[in-house]
Amino acid sequence: MPELTRTQQQRAATRQKIQCKKARTEHRRTLAKLRKLLEIYGYDNLEEMADAVYFNIRPLGICTNARCSFTTEVDSDQDRGWCNKCSTNSVKSVLVLLGLI
Ligand SMILES: [Zn+2]
(Lines give C-alpha, C1' and ligand atoms only; values in the text may rest on other atoms or scores of the structure.)
Protein backbone atom coordinates (compact mmCIF):
# COMPACT_ATOMS: atom_id res chain seq x y z
CA MET A 1 0.00 0.00 0.00
CA PRO A 2 1.46 3.41 -0.93
CA GLU A 3 2.25 5.79 1.88
CA LEU A 4 -0.18 8.60 2.38
CA THR A 5 1.00 12.18 2.36
CA ARG A 6 0.42 14.30 5.43
CA THR A 7 -2.53 16.04 3.70
CA GLN A 8 -4.08 12.70 2.73
CA GLN A 9 -3.69 11.49 6.32
CA GLN A 10 -5.36 14.64 7.63
CA ARG A 11 -8.22 14.27 5.14
CA ALA A 12 -8.68 10.62 6.07
CA ALA A 13 -8.74 11.56 9.78
CA THR A 14 -11.31 14.28 9.11
CA ARG A 15 -13.46 11.87 7.10
CA GLN A 16 -13.27 9.35 9.94
CA LYS A 17 -14.27 11.99 12.51
CA ILE A 18 -17.26 13.00 10.37
CA GLN A 19 -18.33 9.36 9.99
CA CYS A 20 -18.04 8.82 13.77
CA LYS A 21 -20.10 11.93 14.44
CA LYS A 22 -22.78 10.81 11.96
CA ALA A 23 -22.85 7.35 13.57
CA ARG A 24 -23.23 8.89 17.06
CA THR A 25 -26.03 11.16 15.83
CA GLU A 26 -27.78 8.21 14.18
CA HIS A 27 -27.38 6.12 17.35
CA ARG A 28 -28.81 8.89 19.54
CA ARG A 29 -31.74 9.33 17.16
CA THR A 30 -32.44 5.58 17.18
CA LEU A 31 -32.42 5.51 20.98
CA ALA A 32 -34.76 8.52 21.09
CA LYS A 33 -37.16 6.75 18.70
CA LEU A 34 -37.13 3.60 20.80
CA ARG A 35 -37.74 5.64 23.97
CA LYS A 36 -40.66 7.35 22.24
CA LEU A 37 -42.19 3.98 21.34
CA LEU A 38 -41.78 2.75 24.93
CA GLU A 39 -43.48 5.92 26.16
CA ILE A 40 -46.36 5.83 23.65
CA TYR A 41 -47.15 2.14 24.01
CA GLY A 42 -46.39 1.82 27.72
CA TYR A 43 -43.80 -0.92 27.62
CA ASP A 44 -41.50 -1.13 30.64
CA ASN A 45 -38.40 -2.00 28.65
CA LEU A 46 -36.99 -2.73 25.20
CA GLU A 47 -37.03 -6.50 25.71
CA GLU A 48 -40.77 -6.51 26.40
CA MET A 49 -41.43 -4.33 23.35
CA ALA A 50 -39.13 -6.38 21.10
CA ASP A 51 -40.92 -9.58 22.18
CA ALA A 52 -44.31 -8.08 21.27
CA VAL A 53 -43.01 -7.11 17.84
CA TYR A 54 -41.14 -10.36 17.27
CA PHE A 55 -44.20 -12.46 18.06
CA ASN A 56 -46.43 -10.14 16.00
CA ILE A 57 -48.49 -9.19 19.03
CA ARG A 58 -47.87 -5.56 18.18
CA PRO A 59 -45.61 -5.14 15.12
CA LEU A 60 -44.58 -1.55 15.74
CA GLY A 61 -42.64 0.82 13.57
CA ILE A 62 -41.75 4.48 13.90
CA CYS A 63 -40.75 7.21 11.47
CA THR A 64 -37.01 7.87 11.65
CA ASN A 65 -37.13 11.47 10.46
CA ALA A 66 -35.86 13.97 13.02
CA ARG A 67 -39.03 15.87 13.88
CA CYS A 68 -41.58 13.11 13.41
CA SER A 69 -42.83 10.44 15.76
CA PHE A 70 -45.45 8.83 13.55
CA THR A 71 -45.96 5.21 14.60
CA THR A 72 -47.74 2.44 12.80
CA GLU A 73 -47.92 -1.32 12.54
CA VAL A 74 -45.40 -2.73 10.07
CA ASP A 75 -43.85 -6.01 9.02
CA SER A 76 -41.18 -6.97 11.52
CA ASP A 77 -38.42 -6.58 8.89
CA GLN A 78 -39.67 -3.23 7.55
CA ASP A 79 -36.87 -0.68 7.06
CA ARG A 80 -38.43 1.71 4.51
CA GLY A 81 -42.10 1.90 5.43
CA TRP A 82 -44.32 4.79 4.44
CA CYS A 83 -44.81 7.65 6.90
CA ASN A 84 -48.27 9.18 6.55
CA LYS A 85 -47.05 12.44 8.13
CA CYS A 86 -43.81 13.03 6.19
CA SER A 87 -44.82 11.23 2.99
CA THR A 88 -41.43 9.51 2.88
CA ASN A 89 -40.28 5.90 3.18
CA SER A 90 -38.84 6.49 6.63
CA VAL A 91 -40.63 4.04 8.93
CA LYS A 92 -38.57 1.27 10.49
CA SER A 93 -39.73 -1.63 12.62
CA VAL A 94 -38.60 -1.90 16.22
CA LEU A 95 -36.57 -4.99 15.37
CA VAL A 96 -34.73 -3.10 12.62
CA LEU A 97 -34.05 -0.18 15.00
CA LEU A 98 -32.67 -2.61 17.55
CA GLY A 99 -30.45 -4.20 14.90
CA LEU A 100 -32.09 -7.59 15.42
CA ILE A 101 -32.99 -7.95 11.75
ZN1 LIG B 1 -42.54 10.90 9.53
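Me: Which residue stands opposite Thr71 in β2?
Reply: Ile62 does. Keep in mind that this is a predicted model.

Me: How many bridges join β1 to β2, and which way do the two run?
Reply: Three bridges join them, and the two strands run antiparallel.

Me: What's the strand order in the whole sheet?
Reply: β2-β1-β4-β3, in an open sheet of four strands with antiparallel pairing. β2 and β3 are the edge strands, each pairing on one side only. From one strand to the next, the twist averages 45°.

Me: What lies across β1 and β2?
Reply: Helix α1 does, running at about 125° to β1.

Me: Tell me about that helix. How many residues, and what reach?
Reply: α1 covers residues 6-41, which is 36 residues. Its first and last C-alpha atoms are 52 Å apart, close to the 52 Å expected at 1.5 Å a residue.

Me: How many of its residues are buried?
Reply: Two of the 36, so α1 is hardly covered.

Me: What comes just after α1?
Reply: Gly42, with a positive phi of about 70°.

Me: Which non-glycine residues have a positive phi?
Reply: Asn56 is one of them, at about 60°. Ser87 is another, with phi near 55°. For background, most residues other than glycine have a negative phi.

Me: Where do those two sit?
Reply: Asn56 is in the loop between α2 and β1. Ser87 is in the loop between β3 (81-83) and β4 (88-93).

Me: Buried or exposed?
Reply: Asn56 counts as exposed, because it has 10 C-beta neighbours inside 10 Å and the cut-off for exposed is 12 or fewer. Ser87 is exposed too, with 8 other C-beta atoms within 10 Å.

Me: New topic: the core. Which residues touch the most other members?
Reply: The largest nonpolar core has 13 residues. Leu37, Met49, Val53, Leu60, Ile62 and Val94 touch the most other members. Ile62 is also the residue opposite Thr71.

Me: Which elements supply at least two residues each?
Reply: α2 (46-54), β1 (60-63) and α3 (94-97). α3 gives the most, with four residues.

Me: What does Met49 touch?
Reply: Leu37, Leu38, Tyr41, Tyr43 and Val94, leaving out residues up to four places away in sequence. Leu37 and Val94 are also in the list of core residues that touch the most other members.

Me: And Phe70, where is that?
Reply: Phe70 lies in the loop between β1 and β2 (71-73).

Me: Why does it count as partly exposed?
Reply: Because Phe70 has 17 C-beta neighbours inside 10 Å, and a buried residue needs 20 or more.

Me: What is it in contact with?
Reply: Cys63, Cys83, Asn84 and Lys85, leaving aside neighbours within four places in sequence. Phe70 and Asn84 are 14 residues apart in sequence and 7.6 Å apart in space, C-alpha to C-alpha.

Me: Zooming out. What pattern does the protein follow along the sequence?
Reply: α-α-β-β-β-β-α. That makes three helices and four strands.

Me: Spread out or compact?
Reply: More spread out than a compact globule, because the radius of gyration is 18 Å, well over the 13 Å that the globule rule gives for 101 residues. Along its principal axes, the C-alpha trace spans about 55 × 30 × 20 Å.

Me: What share of the residues is buried?
Reply: 21% of the 101 residues.

Me: And what share of contacts is between residues 24 or more positions apart?
Reply: 37% of the contacts with a separation of 6 or more.

Conventions. Residues numbered from 1 in each chain as written. Predicted model: local features only at pLDDT ≥ 70, side-chain atom pairs only at ≥ 80, totals over all residues. Core = buried A, V, L, I, M, F, W, Y, C linked by C-beta atoms within 7 Å. Contact = placed C-beta atoms within 7 Å. Expected span 1.5 Å × (residues − 1). Pairing = 2+ DSSP bridges. Axes fitted to C-alpha atoms, helices over the stretch in contact; angles between N-to-C directions. Rg over C-alpha atoms; globule rule 2.2 N^0.38 Å.
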